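Please look over the sequence and the model before reading on, and keep both in view as you go. The briefing below is arranged by topic.

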Amino acid sequence: MHMTFLNGFTIDQIDFARMQKVVRPLTPCGQRAFRARLPFISGQEAEWRADRADVEQLSETLGCMDENGKSFREHLVSTLSLLPDLYDVLQLLEKHEQLLVEHLASLKRFAYFAKTIEDQIERSNLVFPWWQSKARLVLNCFAKDSSSSSPDFSLAESGSPQLQEAYIMHNQIKQRRAELERELTKQVSRDYRVAVRRDQTLILPLDHMEPIEQAKKDSRLQMRMQTAFEIIFEPVWPMEHAQLSASEVVMRERVAKLEQESLALIMQQLAPINVHIQDMNEQVAHLDELLARVVLAHDRGYVWSELAHLGVTLTGGYPPAHGEFTPIDIALHTSVTMITGPNMGGKSVALKTLLLVIACHQYGYPVPAKAFTAPLVQHIRYVGGDGQSVQSGLSSFGAEIVAIQEALTLPQSMLCFDEIGRSTNPIEGSALLEAICSEIQRDDQRMAVVATHFLLTPNEDTIYYRMAGFRQDALQDSTKDIDIAERLRALQAAMDYRIVPQASGEVPQEGLAIAAWLGLSDEMIQHARRIAKAKVQV
């Protein structure tokens, strides 16, 4: 995670980890590339646009069908699923250490299917500037006759000609020895009417005296051991068997030597192209994580954001885990945007959704919205709640101040302040918030969205929104003779979570109406209204 872009608290608050979990590359190298992916930040607009060009190309090609009715996506997914993990191979090559046969098998299989992907890309007329044909170079190191036409690796096919000859001779010797053993054990089984066991022993019970005496005199057998119930015999192999066994040992040693020589020869051929092997792995990883992002947009209906020079516009944004929530529409055109509204009115959800969409925009992910445009920033921070104090041991207000200090030092940043100052007295809390907004407005390199229910001094340089909030008319016809659970459900249904523009930072006066609906006595509500009116007049 690029911690200077998103800190841990912001990641948790906007639930960015959940978003990352639904981007699923298929290969181990693609998964590592995705985990290592960094956001595009201000100054990297050209790189962002290049990535978006790749996204658009792949998105347009994803559903293209071949003559057999199979889509490009199906071809690519099935091929990527066959790729092995080259992590150990790359580590050994980097250290200039010897590869084992299993490593070479993985390398050839990877190169074979990477070549298949190259062919699929060419047939689909895709042009990625970062994709270059590397697999062919790797396969050439294994090419002996038809060895590169299969993903399977054989040292006999890829090694020296002497090794292939040695394999043939070794197998011939083993086959002849096995043939002698089968012939003798078959004869013994037939003559004694007892099957020779897999360990090539013949077991005769002690009460079978005649077969035992015959076996003792049989030159093909010798007694291995006797128990209280049986005698165990084993074959006496002919001289040819001994000669074959000795030859097999010699050939085994020769094969082992030639295998080492062949491995060394292949390593010599791979050495000049080590960098190309690394490039091949990185190209496949890049394509895999690119496909994962495109598939996410396609399967979940997310959209691709657009790059803006100034200002942020979100249309129809929603938390990925809650697509049923009221869509969020908001436009930020100045350094400070204020959102007012009552508690439980949806301000926090709106802020976190906005930051999540911005994070997705800068990581090159599709966004959960109908449309989104924004510039690139260098930092994103969410400040709010008391969660920041848990590990530090600070009070809620102390932790909040530490977080504010850090956020205000970040240049070219997008900051969200969620109900800051609520853990101190309202007069000082609102004053602190106004001072913070003034500080941000002196620097056009930062943008802030502030959610509050404080009544602040109007500022012509601030954009104001409010949560549409509590629809009192939705409860006017309801009776009070219902239990509290039903009241809460009715209240929830009466909340309007849309964000609507307003001329100033006036805070909706809905708290007492909500308290009345939830059952607080009329006398107490009226008393509270008189106090509130007196304070406003002062």
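What follows is a briefing on selected features of this structure, which is a predicted model.

**Nonpolar cores**

- The largest nonpolar core has 55 residues, and among these Leu-270, Ile-277 and Met-280 touch the most other members.
- Eight helices are named here as each supplying at least two residues of this core: H4 (45-61), H5 (72-80), H6 (87-94), H7 (101-123), H8 (135-140), H10 (161-192), H12 (239-270) and H13 (274-300). Of the contributors, H13 gives the most, with 9 residues.
- When neighbours within four places in sequence are left aside, Leu-270 is in contact with Leu-99, Leu-104, Leu-107, Cys-141 and Ile-277.
- Apart from this there is a second, separate core, made of 48 residues, which includes Leu-296, Ala-331, Tyr-363 and Val-449.

**Cysteines**

- A search of the whole structure for disulfides finds 0.
- Cys-141 is in no disulfide, and the nearest cysteine sulfur, which belongs to Cys-29, is 19 Å away. Because its relative accessibility is 7%, and buried means under 20%, Cys-141 counts as buried.
- Cys-416 is likewise in no disulfide, the nearest cysteine sulfur being that of Cys-437, 12 Å away. With a relative accessible area of 0%, Cys-416 is buried.

**The second largest pocket**

- The second largest pocket has a volume of about 480 Å³.
- It is lined by 23 residues, of which His-309, Leu-310, Pro-375, Asp-444 and Gln-445 are the closest to its centre.
- By residue class, the lining of the second largest pocket divides into 8 nonpolar, 10 polar and 5 charged residues.

- Gln-278 has its place in helix H13, and at 29% relative accessibility Gln-278 counts as partly exposed. Although Gln-278 and Tyr-87 are 191 residues apart along the chain, their C-alpha atoms are separated by 9.9 Å.
- Leu-82 lies in the loop between H5 and H6, and with a relative accessible area of 37% Leu-82 is partly exposed. Leaving aside neighbours within four places in sequence, Leu-82 is in contact with Arg-109 and Phe-113. From C-alpha to C-alpha, Leu-82 and Leu-26 are 9.4 Å apart in space, while in sequence they are 56 residues apart.
- Arg-35 is found in helix H3, which covers residues 28-35. Its relative accessible area is 58%, and since exposed means over 50%, Arg-35 is exposed. In sequence Arg-35 and Gln-20 are 15 residues apart, and in space their C-alpha atoms are 8.8 Å apart.

**Positive phi angles**

- Most residues other than glycine have a negative phi, and the two residues below may be read with that in mind.
- Asp-15, which is not a glycine, has a positive phi near 60°. The place of Asp-15 is in the loop between helix H1 (8-14) and helix H2 (16-21), and at 33% relative accessibility Asp-15 counts as partly exposed.
- Glu-419, also a residue other than glycine, has a positive phi near 55°. Glu-419 is found in the loop between strand S10 (413-418) and helix H17 (426-441), and at 4% relative accessibility Glu-419 counts as buried.

Methods: Residues are numbered from 1 along each chain as its sequence is written. This is a predicted model: local features need pLDDT of at least 70, side-chain atom pairs count only at pLDDT 80 or more; totals for chains, interfaces and linings use all residues. Side-chain values use heavy atoms; hydrogens and water are left out. A nonpolar core is a set of buried Ala, Val, Leu, Ile, Met, Phe, Trp, Tyr and Cys residues joined through side-chain atoms within 4.5 Å. Buried means under 20% relative accessible area, exposed over 50%, partly exposed in between (1.4 Å probe, protein chains only). Helices (H or I, at least four residues) and strands (E, at least two) are DSSP runs, numbered from the N terminus. Contact means heavy atoms within 4.5 Å. A disulfide is a pair of cysteine sulfur atoms within 2.5 Å. On a 1 Å grid over the protein atoms alone, a cavity is a set of points where a 1.4 Å probe fits but cannot get out, and a pocket is an open set with protein on both sides within 12 Å along at least five of seven lines; lining residues have an atom within 4 Å of a point. Grid points are joined across faces, edges and corners, and a volume is the space filled by probe spheres set on the points. Ala, Val, Leu, Ile, Met, Phe, Trp, Tyr, Cys and Pro count as nonpolar, Asp, Glu, Lys and Arg as charged, and the others, Gly among them, as polar.
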